[in-house]
Structure formats: C-alpha cells, structure tokens
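Q: Please take a close look at the backbone of this model, with attention to the peptide bonds and torsion angles that deserve a check. Please also describe the packing that goes with it.

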Amino acid sequence: MPLIEFREALNQAMCEEMERDETIFLMGEEVGLYNGAYKVSRGMLERFGPKRVIDSPITENSFVGLGVGAANVGLRPIIEVMTFNFAILALDQIINNAAKMRYMSGGQLKTPMVIRGPGGAARQLSCQHSQAIESFFVHTPGLIVVMPSTPYDAKGLLKSSIRDDNPVIFIESEVMYGMKGEVPEEEYLIPLGVSNKVRDGSDCTLVSYSKMIHLCQDAAKQLAGEGIECDIIDLRTLRPLDLEPVYESVAKTHRVVIVQEAWPMCGVASEVAFRITEDLFDELDAPPARVTAEDIPRPYAKNLEEACAVQPDKIIHAVKKVCYLAE
Amino acid sequence: MATLIEMPKLSDTMTTGKILSWLKKEGDALEAGTAIAEVETDKATMELEVFEDGTLLKILAPVDSAVPIGGALAIIGKPGEDIQGLIEKAQSPAAAAPAVAEKGKEVKVQEEEKPKEIKRQEKPQPAAASAPKTAAAPGEETGRIKVSPVAQRMAAERGLDLRRIQGSGPGGRIVKADIERALETTPAAAPPAPAPAEAGTPAAEAYTDVPLSSIRAVIAERLPHSLGPVPHFFLEMDLDAEPLLELKKQLQALAGEDLRLTVTDILIKACANALRQHPEINSSFLGSAVRQYHAVNVGIAVAGKGTLLVPVIRSCESKSIGQIARERAVLVEKGQAGKLSPDEMSGGTFTISNLGMLGITRFTAVINPPQAAILAVGTVRDVPVVKDGQVVPGKRMAITLSCDHRAFDGAEGARFMATLKQKLENPLAISL
C-alpha cells in the first residue's frame, strides 16, 4: 500500500470526487495559483481549471455564504478556510445559514457543502491562531463535524463528507499535514458517524480524536511498559457522536479518560463524560477524567505553550488517577 | 525510635473504634502492658495497652473520636524525639484510611507473635439492655458508604457486605480493586455441596449466595416499610416434650456426673440438623442476595450481668450433643461472669432463646441481625392431652420461630418447624 502524506490523501479525496461529479468545486484563499496555504490543493487548478478551483478574496463570511447559496441551488462546494481561526469570521453563515436552511425551508433546500481546513494549534502561533474550536460547531444542530486522525481516515471520511447532503465541518491539523500513512490505491469510503477502536487494552479506555489520538498512542505505549493497558477509541466524527464502541470498552475497563486539544469547558470531553455517566453509571470504577488544554488563551512563549497544551505525561497521570494508582 | 500506635482490629466486625477516654496523658512514662486508653468497638469496651516501654509523646485521636482500623491514635517514644515525620504520616490520607485486608493481616500477625499484647476486657454494653441484640449487626454505625458504581454492582452480585470492606480510594471510596481483594480472601459463591472442612472448625465463611428473584426483591424492598427495620413474622407450635425429656434422661445416665446435659443442648443439635435440611432458614438477608450459610453456628441467649449476651457454638451440625453441652457450659459460665470475648459472640447464623427454665409458657424473640431467624423456647407444661381418644396427662412445650420475611417466606419457615418438631418428638432421629 502506498505511503502518502495527510495532505496528499485529502488532495486525492477531492480530485477523485471532482472527477466523479462535475457539480463539486473548491473555493478558498490561495487554493488555486498558490496551490493552497498548506499545499493541500496542489495541482488542482491545473487539473480542473479556474471555474472549479477558485481563489477567493480574504472575506470568510462572504465566500462561505457564497458556498451556502451555491449548495442550496444544486452545486456541491468544498470551501477551504485557511485555518478554522478564520472561520470564526464566517460563523454567521455557518451557524445561521448552512446549519439552518434545510430546517427553515421545510426540507426544500439542502446544503451539501464541506467547509474544511486546519484547526487547533501548531507551534508558537499565539492565542488567536492556535484555537481548537470544534465545540462551536459540535454544539450546533444541523452540522456534521468530522476530525480525522490519519491519512487513511482523512481520505475515506472526506469523500463521504463531500457526498453527504448536509453541511460538514471537516477539521484537519496543520501539524499533521506532513504525517505519512498507508492509503490504498483503490477507492474506499469511511462512513460518517462511526468511531473506531485503534488500540486494545483492558485497564482504561482513552477516548480522543484527531491529532490527540497520537498523543494517546504515545501515552498508552509508556503505560504498557508499566503494565497498564489502554483501549483507544478514535471518535472520528464528533457530530453525530458514535459512542457504542466507547460504551463497550468502558464496560470492560470501568475507567475512562477523554483527551481533547480544546479548552475544557463545554467541550467534546464534557459531553462524552456526561453520556458515559448517564448511560454507564453502574460500570464506572472512577469518575471519568479528561485531559484538555489549560483554560486560558494559549501562550506564545514556548515553555508556557508546552505547559498549557495536552502532553502524553498528562494523559499518563490521568490514566493512573482513574486506576487509583496516582493522586 | 518513636512508634505510631494505630487502632487495632479488636473484633471481626468493627470498622472504627471510639476513644472513650485517655488513661494516660502526654509525657507519661509507660511500661509494656500499660493501658493507655479505653476504646469502644461495636462489640465491647476494651482497654488499649502498649507493647513496649516508652513515653506517651503525642495523643493524635481526641476523646469521642471514631478512628478507623489502622488509624493513628498516639505516638510513643523517648522524650524529646523528633516525631514530626510520624505526625505527618498519621495525617496523610493513606494512613487515615488503610486497606482493611492488609491491616487485618498485620494485627493478626502481631497477635500470633505477641499473644498477650492486646488484652480484651469485656464490659457490658449499655445499648444491649433489651432483646437479644448483643451480637449486633456489623457496621451499624450510620453514615454513607462511599463506593464506586461498579464496585457496588460487583459486591451486590457476589453478595459481599460493603460495610465489611475498607475502601482504598479517595476519601475511603471502595473501588473495584478493593472488591477483588475481598473476593480473594472471601471466596464468594462457594460450591453448592456443603463441605465443612473439619469437624469442630468454624466454617461460617462457607455459604451459598442465592440471587434474589424479582418477587423476593420486591418483598425485601416493601416489607421493611411496614414493620420496622426487620419485618418479623412468627410461627408457633406445641410439641410433645416427653420423648425429649426421656432422651435427656437416658443420655445423662450414660454420660455420668462430669457432664450436665440440658434440654437446650438437644435443641441446639436438633436445630442444627433441621437447618442443614432447610438452609434458607440458616441465612442472612444482604440487600441484593440471601446468604445461606453452610455451617450452623448457633447463638444461645444467656442472661449475663445486667445484660443479655449471645455466645455462639460453631458448626453444631458436625458436633455431638456431648460436645455441644461442654461448650455451652463453658460459654454460659463465661457469659454470666461477663468474660466472653467478641470472637465468642460473633459469627452466629441462628439463635435459640430458651426461657423455659424461668417458667415462660411461650414468647416471641426479636431477631438478632443479620441472622434471619431466632427460636424462642417455652417451658415444659403438664397438660391434659388427648391420646387414642382418651384424655391423659401429657407434657407439651411451645416453640416459636421469629422470621425475617425478607430472607424467606412463611411456608419455608413452617416446613423447617415441621422438620424440627419431627426431630424433637423422635429425638433418636438426631443421631441419624
């Protein structure tokens, strides 16, 4: 199986779908001539022409709104936001229009669009450019939210997202674009709303998504050296949430730690912890724990940024705590 | 080097001990064997003695405080010694709530190595003035038990009594690991075949937990609201006491002078045999299961000094009437002298209260929790009875079984009583 970069997997997904369906187009800042700020759309302008790969002005709310309108009248836009920090400017179009048109038109309009780009922090980009704001979208009925963790998942999930008739928020990660993974040459799809068990263990369940999955894998490896084995569940889609594999795992381990890059308050971890507590109360041996960013704007200073972010050590400590092996 | 004095495990069922008074004060010189404090457990009041010479440096547990097993009480050492480390250790959460299994072991080891170090002095318990309640239910102290949900479920499934388990989690929370430890030391669902290890050894640990049926669960939930904490019902019958008295006479003649048999001894043996046939009576209601004990440990209500004590004769099903009589005599004598140890008053699975010698015709006894039944025995009366259509002089004795309706039902109790009556009216059957 070819080993390709995350950005290449996304590129393949878009190209394959655009070959298949002429109503699909890509629009965003510098997606065309510059081949994308992170080179995800490399070669696409050349391949599909300026009518289907469109450089937009720096006007997020406008070009996302254009996408909503295009979707409502029968096209299938892929809107690239340079980062989801900039998508904050487009929240009105995303939350008030994209998420609502189907409902407000009594089903007469549909909004088959994908809004994609990197979310979360990279390195020393300061607080305005380092935000993991998936909760804004997960909070909103009418949206689907996808956050893949590997090139394989990214390709399969992006193809399914493009084919879905609902607006999909597809959040990637700047620091994962260069990550390589095996992706088959033949076509495949990964269904939305299905989470995935990526590691087997009996002592504690780790629930996470996107790039935090790799920190969980790191932590789990170190814990295995101490005799503590973790299950890891990759949620992949945050809305709708598929918690069945999580429940199966927690019913076995009786302990759970949820890991997210975002701030703690009202995050995905809060929701997952709540549902486990509600549905699986009798299975718990310890209160669900979560590992998140510290509840502050992310510092620019390198040492403070590291202290603020999720680290494998913090995950290890949380696992030991729910296993009653640490205070 | 200074030593920390910890709350010892003074009875099977205690989880905490209350400091009634300090007999020594800080700065007092102590010799090994000096009593330093009075401690009240769920069973009795005892004096706590030190094991070595030294000076009482620091009292850590104030009067009236309830200290868990293993909790810090005092520090003993040489005057002027640095005890800051020990004080900190005593105040750390780990020291405040040690795992009971480990602590239990430690204390036992100490007792084996230094058998005289803990002297147990019985004092009548003021709370036990009424009814046979002396061997009180374990963990009757109020207060919520902290337990993780899965630990609670596991305990319910395996029939473990959470009050007997010390939690190792934060704030003493009982967690899964504690249940697993408890299961290692107390194998739950024992094999159904009753196998009392050796004759004469106490085997109260062996039992079968029968999961509650949904109907029994409802009965168990509702009845306590109608009739006090233990919903009693009573089954009474008259039996022909002549064969029983005849057997006692014959056995006494065979035994000679050095063994004095009583009707109670034969009653104990008859009950033990009948209970083996009806294990549902020899049981405890646990909340989510009914524990059926394999051994029959019979408590006998004894009027002690100003109180009522219930010493226990263990594994009566595997003992002869003669063995039972000897043990009973020793225990009753100790009871009357107020010298019974907590061990000798714990572990009962069934109780007999005989007030016949005091001329009581019939009475109903109050169940001694967590047991599910108690048998009240009245006096033997000379009464006219009808025999073969003729009124002739006869002897009758009333026995009344008080039953915990949560544990079993009327018909089960009645079948046990029928078996018991059959045995007592044909007492040779006891030796079968």
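A: In what follows, helices are DSSP runs of H or I with at least four residues, strands are DSSP runs of E with at least two, and both are numbered from the N terminus. The model is a predicted one.

The peptide bonds may be taken first. In chain B, B:Pro369 and B:Pro370 are joined by a cis peptide bond whose omega is near 5°. B:Pro370 belongs to the loop that runs between strand E17 (350-354) and strand E18 (373-387) of chain B. Chain A has a cis bond as well, from A:Arg239 to A:Pro240, with omega about 0°. Here the proline, A:Pro240, sits in the loop between strand E12 (237-239) and helix H10 (244-253) of chain A.

Next come the phi angles. A:Lys39, which is not a glycine, has a positive phi, near 65°. This lysine lies in the loop between strand E2 (24-28) and helix H2 (44-48) of chain A. Because 15 other C-beta atoms fall within 10 Å, A:Lys39 is partly exposed. A:Tyr324 is also a non-glycine residue with positive phi, about 60°, and is placed in the segment after helix H13 (312-322) of chain A. The threshold for burial is 20 or more other C-beta atoms within 10 Å; A:Tyr324 has 20 such neighbours and therefore counts as buried.

The packing of helices is illustrated in chain B. Helix H8 (residues 263-277) and helix H9 (residues 321-336) of chain B pack with their axes 9 Å apart, at an angle of about 120°. H8(B) is therefore oblique to H9(B), since the roughly perpendicular range is 65 to 115 degrees and roughly antiparallel requires over 145. The handedness of this crossing is right-handed. On the side of H8(B), the contact is made by B:Thr264, B:Asp265, B:Ile266, B:Ile268 and B:Lys269, and on the side of H9(B) by B:Ile321, B:Ile324, B:Ala325 and B:Arg328. Sorted by class, this contact has 5 nonpolar, 1 polar and 3 charged residues.

Finally, there is the contact between the chains. Chain A contributes 8 residues to it and chain B contributes 10 residues. The side of chain A that touches chain B is made up of 4 nonpolar, 1 polar and 3 charged residues.

Technical notes: Residues are numbered from 1 along each chain as its sequence is written. Chains are lettered from A and ligands numbered from 1 in the order in which they are written. This is a predicted model: local features need pLDDT of at least 70, side-chain atom pairs count only at pLDDT 80 or more; totals for chains, interfaces and linings use all residues. Axes are lines fitted to C-alpha atoms, for helices over the stretch in contact, and angles run from 0 to 180 degrees between N-to-C directions. Angles under 35 degrees count as roughly parallel, over 145 as roughly antiparallel, 65 to 115 as roughly perpendicular and the rest as oblique. A crossing is left-handed if the near helix is turned anticlockwise from the far one by less than a right angle, and right-handed if clockwise. Two residues are in contact if their C-beta atoms, placed from the backbone, lie within 7 Å. Ala, Val, Leu, Ile, Met, Phe, Trp, Tyr, Cys and Pro count as nonpolar, Asp, Glu, Lys and Arg as charged, and the others, Gly among them, as polar. A residue is buried if 20 or more other C-beta atoms lie within 10 Å of its own, exposed if 12 or fewer, and partly exposed in between; C-beta atoms are placed from the backbone.
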